[in-house]
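Welcome! Please take a moment to look over the model below, and then we will walk through some of its helix packing and its nonpolar cores.

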Amino acid sequence: MKSLLNGSSAALNFYTELPQLLSSKKNLALATVAATKGSAPQKTGISAVFGENRLIAGTIGGGIVEFSIQKVINDIVQAKQSQIRAFNLTNKISDKEGAICGGSMEILLDAEPEKYAAVFKAISESLGKREPGVMLIVAKTDSGGRLHIEREWITTGSLKNKTLSLSPVVDNHLQEMLNRPTEGDFRRTDIEETAEEEKQSVFLETIVPAPRLIIAGAGHVGKALSHLGKFLGFEVVVWDYRSEYATKENVPDADVLLSGNIEETLAGVATDRNTYIVAVTTGHKQDIEVLKLFIGSPAGYIGMIGSRKKTILIREQFLAEGWATEEQWARIHAPVGLDIHSETVEEIALSIAAQLVQVRHQINKKQ
């Protein structure tokens, strides 16, 4: 038995879309990067849905790899025959077709994902409740060479009721992943074929809710940042004390819109290490209230817009009033955003979004 541990950057909204895709479209195949070697365009755990003629959702590495997969999709779907197929990416630059990344990929091609529509629905429902879990995939090859795939969704609450039989090694990985759910945690265990058993590969994929981005302020910067945040896979919560600004017409990309008193609205939003908070309100008084509310929270990121002078003055006030410790203030990103010499509203929002992505990757590495 051998065990491979790899990380991936999962498409955060992929599994929330999958149940609808499976119910509305026929002859779909689900492709998952099962292993990579050398330089590859994607990491293990990344998935995509293919139809008869095109990529439907997700990505597993771009044009050439996906084109190669597309060529076999119709055959495996019609035959209802799943596969684990290797793709070589070591072509020469002079080749007219073929990838030149320099490595190779193994892709798990599930020809019958609709068989486990209930599993994908359960995943979507868990994510809607911001509940992480692990999808267990067992790919068994029988004596005739046919691949059979089974799936199960396991959360901390459902662990004791799991139905698929697991080895002690897989059990240990599963428990570790449930204890510390981390975006991109994808693990594979291959069990070698014996006289008594079929050959099988077991895949464990941690699936977590989208990171939550709380934007305090629905003005120009807040609106632009909500658009970028949604594009980057965040669940976007926008608050503004002005109800006429906290509207779907003004901030169409927000998943949740809140307005009114900070204590009565934002205080009710749960935070954890996958929560990102950005204060871009109309003035320093509102920014101060937002910081006071969240500076002691477990949020992974807290940022505030403003000049360096504003930042210095607010820091001095927080320390003098006992609203924060030096350690707590050190976590604040202020002035917010990466220094890209931004001037326009769009550039400011871009600098903040880039910093959010940077911190998100740092948090995932530490988890």
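At what angle do helix 1 and helix 3 pack? The angle is about 140°, and the axes of helix 1 (residues 14–24) and helix 3 (residues 117–128) are 8 Å apart.

## Before we go on

This is a predicted model, where local features need pLDDT of at least 70, side-chain atom pairs count only at pLDDT 80 or more, and totals for chains, interfaces and linings use all residues. Residues are numbered from 1 along each chain as its sequence is written, and side-chain values use heavy atoms, leaving out hydrogens and water.

Helices (H or I, at least four residues) and strands (E, at least two) are DSSP runs numbered from the N terminus. Axes are lines fitted to C-alpha atoms, for helices over the stretch in contact, with angles from 0 to 180 degrees between N-to-C directions.

## Helix 1 with helix 3

The angle makes helix 1 oblique to helix 3 (under 35 degrees counts as roughly parallel, over 145 as roughly antiparallel, 65 to 115 as roughly perpendicular and the rest as oblique). From helix 1, Tyr-15, Thr-16, Leu-18, Pro-19 and Leu-22 meet residues of helix 3 that include Phe-120, Ile-123 and Leu-127, where contact means heavy atoms within 4.5 Å.

## The largest nonpolar core

A nonpolar core is a set of buried Ala, Val, Leu, Ile, Met, Phe, Trp, Tyr and Cys residues joined through side-chain atoms within 4.5 Å; buried means under 20% relative accessible area, exposed over 50%, partly exposed in between (1.4 Å probe, protein chains only). The largest one has 25 residues, and Tyr-15, Leu-18, Leu-108, Phe-120, Ile-123 and Met-135 touch the most other members. Helix 1 gives the largest share of this core, five residues.

Leaving aside neighbours within four places in sequence, Leu-108 is in contact with residues including Leu-30, Ile-84, Ile-137, Ile-149 and Phe-203. Another core, of 23 residues, lies apart from the largest one, and among its members are Ile-262, Leu-291, Ile-295 and Ile-302.

## Helix 7 and its surroundings

The axes of helix 7 (residues 284–294) and helix 8 (residues 308–321) come within 12 Å and cross at roughly 50°. That makes helix 7 oblique to helix 8.

Leaving aside neighbours within four places in sequence, Phe-294 is in contact with Ile-214, Leu-266, Thr-271, Ile-277 and Ile-302. The C-alpha atoms of Phe-294 and Ile-277 are separated by 8.2 Å, with the two residues 17 apart along the chain.
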